Amino acid sequence: MAYTLTREALLMDLYVAFLCAKRHKGNQPYVIRFEKHLMENLTELRDALWDRTYKPAPSSCFIIERPKKREVFAAQFRDRVVHHLYYNYTHELFERTFIADSYSCVPERGTHYGINRLAAHIRKASHNYTRKCYVMKLDIRGYFMHIDRRKLLEIATESLHRMSGHPVEKRGKLWCETIDMDFVLWMTKEIILLDPNENCHIVGSEDDWIGLDPAKSMRFVNTGKGMPIGNLTSQLFSNVYLNVFDQFMKRTLKCKHYGRYVDDAYVVSTDKEWLLSLVPKIQQFLSTELGLTLHLGKLTVTNICYGVEFLGAFVKPYRTYASNDCLRRMERNIRNMQTNDAEAVYRSVNSFLGVLSHHKTYRIRRAMFLRKKFIKVSTFNRDMTLFGKPTD
């Protein structure tokens, strides 16, 4: 039986979405302003969505320099609440169509999961390192900026229709008994077809764009192309779009040992010539089906004995290390870190420790973090995996 959304249920769903959007950002001024008149803001948002008159506010566009130069569109907080509402409604459904080795923006399938899966694929393909084995790494040129929004809408809508016809369980009930299909399809269209360039607010100077490849800027791409980096829905839809490619790699090209994190993918095999033979087929599929281009300058085929860098880790036989690029970024951030905001220091340092603790890096952690600037703020636990407030 189809579920029909009510105004009261939508308001409650928006409140849950607000709590999700607020997570880890409760001290931000824009969150405090929204929460000061929470019920009025949520009711206004509910009415706009219910009447289907909702229009996103203009985004802020700016350049970040680290870990690499990149253009970001930041939606206003009210619109982030809507993004979380949509994600809460649909992500479980979309994820059921993904392959097991799609890692980004999937609960329990983050960077560390992806690194471990690559290591597992290498062990299996090489028969536990007893056979010569290779990893081919693939990268898509300017991925987010070249997503065709009309094509994405077609893929997302088809996925929703297909999955809604199956008895998918969601929180103890069938998906069709918990989600209003018409409402979700309307939201899908509104979010995907939004042109983030429309009335966007430029933060900083136009000079900030100097040195950025135009192919990586929404401001220079063709009309109807591109998804803004920074939005939760963009992360979700990036997987929906490339799920078509994942299915091609697994089902058509029969790549048994394949995985992908956003636009970085790999294939593992003992046959180097077979790996290279896949390249023209991949190029043709990406171009004709998705309007994307394989970045041949970043395509590599590496013998596993020499190690493979992936998602900030360097994977070698029987062990993984934090990559040199990852360590350099951390060292640069640590040098520039200000310690006047203790809570911000706790979050940043523990984030770095969380990454490093997945590898054998005890000595690196000691060298990197046992500094006066941190010891003055708080203490570390014995194995240097946690930095927190000193106990009384």
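How far apart are D325 and R328 in helix 10 (residues 324-336)? They are three residues apart, and therefore separated by about one helical turn. Helices here are DSSP runs of H or I with at least four residues, strands are runs of E with at least two, and both are numbered from the N terminus. The model is a predicted one, in which local features need pLDDT of at least 70 and side-chain atom pairs count only at pLDDT 80 or more, while totals for chains, interfaces and linings use all residues. Residues are numbered from 1 along each chain as its sequence is written, and side-chain values use heavy atoms, with hydrogens and water left out.

D325 and R328 form a salt bridge, with their closest N and O atoms 2.5 Å apart. The term denotes a side-chain nitrogen of Lys or Arg within 4 Å of a carboxyl oxygen of Asp or Glu. D325 has a relative accessibility of 34% and is partly exposed; R328, at 49%, is partly exposed as well. These classes take under 20% relative accessible area as buried, over 50% as exposed and values in between as partly exposed, using a 1.4 Å probe and protein chains only.

The count of salt bridges comes to 13. One of them joins E65 and K69, with an N to O distance of 3.9 Å; E65 is partly exposed at 48%, and K69 is partly exposed at 26%. A further bridge connects D246 with R260 at 2.8 Å between the closest N and O atoms. This pair links distant parts of the chain, since D246 belongs to helix 8 (residues 232-252) and R260 to strand 7 (residues 258-261), 14 residues apart. D246 is buried, with a relative accessible area of 0%, and R260 is buried at 1%. Salt bridges also link R7, R46 and D47 into a network.

The interior can be followed through its nonpolar cores. A nonpolar core is a set of buried Ala, Val, Leu, Ile, Met, Phe, Trp, Tyr and Cys residues joined through side-chain atoms within 4.5 Å. The largest has 86 residues, of which L49, F237, F245, M249 and I282 touch the most other members. Leaving aside neighbours within four places in sequence, F237 is in contact (heavy atoms within 4.5 Å) with Y86, F94, L152, A156, I191, I192 and M227. In soluble globular proteins, nonpolar side chains tend to be buried together.

Aromatic rings provide a further view. Rings of Phe, Tyr and Trp (its six-membered ring) pair if their centres lie within 6.5 Å; planes under 30 degrees apart are stacked, over 60 edge-to-face, and the rest tilted. The whole structure holds 22 aromatic pairs. In one of them, the ring centres of Y30 and F77 are 5.9 Å apart and the planes lie at 40 degrees, so the pair is tilted. This pair links distant parts of the chain, with Y30 in helix 2 (residues 29-36) and F77 in helix 4 (residues 77-95), 47 residues apart. Y30 is partly exposed at 25%, whereas F77 is buried at 6%. The rings of F183 and W186 are also tilted, because their planes meet at 35 degrees with centres 5.9 Å apart. Both residues, F183 and W186, are buried and lie three residues apart in helix 7 (residues 181-192), about one turn of the helix. Y346, F352, F369, F374, F380 and F387 form one aromatic cluster.
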